[in-house]
Amino acid sequence: MRSRTRRSKEFAPNHATEPKASGGAPRPAPRPRTRRIPFFSVLLIGLLLLDGCTGGAGYLLRAGWSEARILWRRRPITELLARPDLDPALRERLQLALAVREFAAQPLGLRVGQSYTTFADVEGEDLVYVLAAAWRDRLEPFTWRYPLVGRLPYRGFFARPDAEAAARALGAEELDVDIHPAVAFSTLGWFADPLLSSAATGPPVGVAETILHELFHATLYLPGEAAFNESAATFAGHRGAIAFFCSGPGADASRCDEARRRWAAVLARGRVLGRLAARLRGLYAARPPIPLREQRRTQLLRAAAAALARRGLVSGGLLPPNNARLLGDLLYLTELGTFERLAPGDADLAPALAALVRAVRGEADPFATLEVLASRGERR
């Protein structure tokens, strides 16, 4: 999506899926990428302001207005469905949203509230530009601290020039930087999230994945654990869509096959990028001279891109080397194979999600808890 010209607006970070800018001034991404990020309420933004993380009362006013502007556009889906002149494709997506949210509530047991009972038209604009950064000599993200949600590896802006200015400042400190648009959001249950027009334009399977991903965020969100939150939501979104279209109320053979193919592709990408990350960490730990380090990491990224291409997966975005971009991908792809072990079949998904939510709350290392949970399930 292209964004309209608007006033400079910055806000506190948000969610939940693409290439980004390298060190120095950000460059256009080689392919369009969108991610989902937790998009916090005016109340939370106010708390950020009071904590001194934002830089002035103008932040609260701009951020609050920008979020309220989206929420004010919500229209009840049932009201829209009553219109005889409603576009057939949109009608199908709206009916799907209602069916998926009902499936998310039961049998999946997710917290749905009144989310996805409304629709908001945001056509013609990106919701937010997300800036991420990482050090070039180690696979570690630059993070920003926020109250309630902890440290997060991204910061959101409502105008691209603001994101670019911040990226230039970080690039001057020898950080890799990345900017990408986000077109879906979660208020983590604080407000009734609408189905956005930006999400509704996707294929039905993708719409279902997005809704289930966001509803999982409203069900479980661990402060300061961005990779776990996003990867768990990726698992819930994809496996939930498979259950919905393969054995649930949306049963459809073609869409079932598509949902399974999409999840298999995500798992495969996660495996390739996980191996790449391990090799890069080994490279950085050896502390080679900068020219050798850059040569070697380029070689590793080229090999990973070739591995993705051999599997028929999109390989764009890995080059030129950019740790912020890679970590941005891994945010959604960490330990997906372990999550998968929780639920061998569709019928196992609901109890697996419930067990996961119970087990990781309050844990210092949710990924370690995940491994214990997965191993315990395999021994049964």
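Q: On a 1 Å grid over the protein atoms alone, a pocket is an open set of points where a 1.4 Å probe fits, with protein on both sides within 12 Å along at least five of seven lines. What is the volume of the second largest pocket?
A: This is a predicted model, in which local features need pLDDT of at least 70 and side-chain atom pairs count only at pLDDT 80 or more, while totals for chains, interfaces and linings use all residues. Residues are numbered from 1 along each chain as its sequence is written, and side-chain values use heavy atoms, without hydrogens and water. With grid points joined across faces, edges and corners, a volume is the space filled by probe spheres set on the points. For the second largest pocket, this volume is about 730 Å³.

Q: Which helix gives the most to the lining of the second largest pocket?
A: Helices (H or I, at least four residues) and strands (E, at least two) are DSSP runs numbered from the N terminus. Those that each supply at least two lining residues are strands E2 (35-38), E5 (128-135) and E7 (150-152), together with helices H8 (226-246), H9 (253-285), H11 (323-330) and H12 (336-341). The most, seven residues, comes from H9.

Q: How many residues of the lining of the second largest pocket are nonpolar?
A: Lining residues have an atom within 4 Å of a point; there are 37 here, and Ala227, Arg281, Leu330, Leu331 and Thr334 lie nearest the centre of the pocket. Ala, Val, Leu, Ile, Met, Phe, Trp, Tyr, Cys and Pro count as nonpolar, Asp, Glu, Lys and Arg as charged, and the others, Gly among them, as polar. Eight lining residues are polar and eight are charged, while the nonpolar ones number 21.

Q: How far apart in space are Phe367 and Phe228, C-alpha to C-alpha?
A: Phe367 belongs to helix H14 (residues 366-379). Contact means heavy atoms within 4.5 Å, and, not counting residues up to four places away in sequence, Phe367 touches Ala227, Phe228, Thr334, Glu335 and Phe339. Although 139 residues separate Phe367 from Phe228 in sequence, their distance in space is 6.9 Å.

Q: Are H7 and H8 parallel or oblique to each other?
A: Axes are lines fitted to C-alpha atoms, for helices over the stretch in contact, and angles run from 0 to 180 degrees between N-to-C directions. Helix H7 (residues 204-219) packs against H8 at about 135°, with the axes 7 Å apart. Angles under 35 degrees count as roughly parallel, over 145 as roughly antiparallel, 65 to 115 as roughly perpendicular and the rest as oblique. H7 and H8 are therefore oblique.

Q: How many charged residues does the contact of H7 with H9 have?
A: The axes of H7 and H9 come within 9 Å and cross at roughly 60°, which makes H7 oblique to H9. From H7 the contact takes Pro204, Val205, Gly206 and Glu209, and from H9 it takes Arg255, Glu258, Ala259 and Arg262. Three of the contact residues are nonpolar and one is polar, and the charged ones number four.

Q: What is the omega of the cis peptide bond that joins Leu319 and Pro320?
A: Most peptide bonds are trans. A cis bond joins Gln106 and Pro107, with omega about 20°, and Pro107 is in the loop between helix H4 (88-105) and strand E4 (118-120). Pro320 is in the loop between helix H10 (290-310) and H11. The cis bond from Leu319 to Pro320 has an omega of about -5°.
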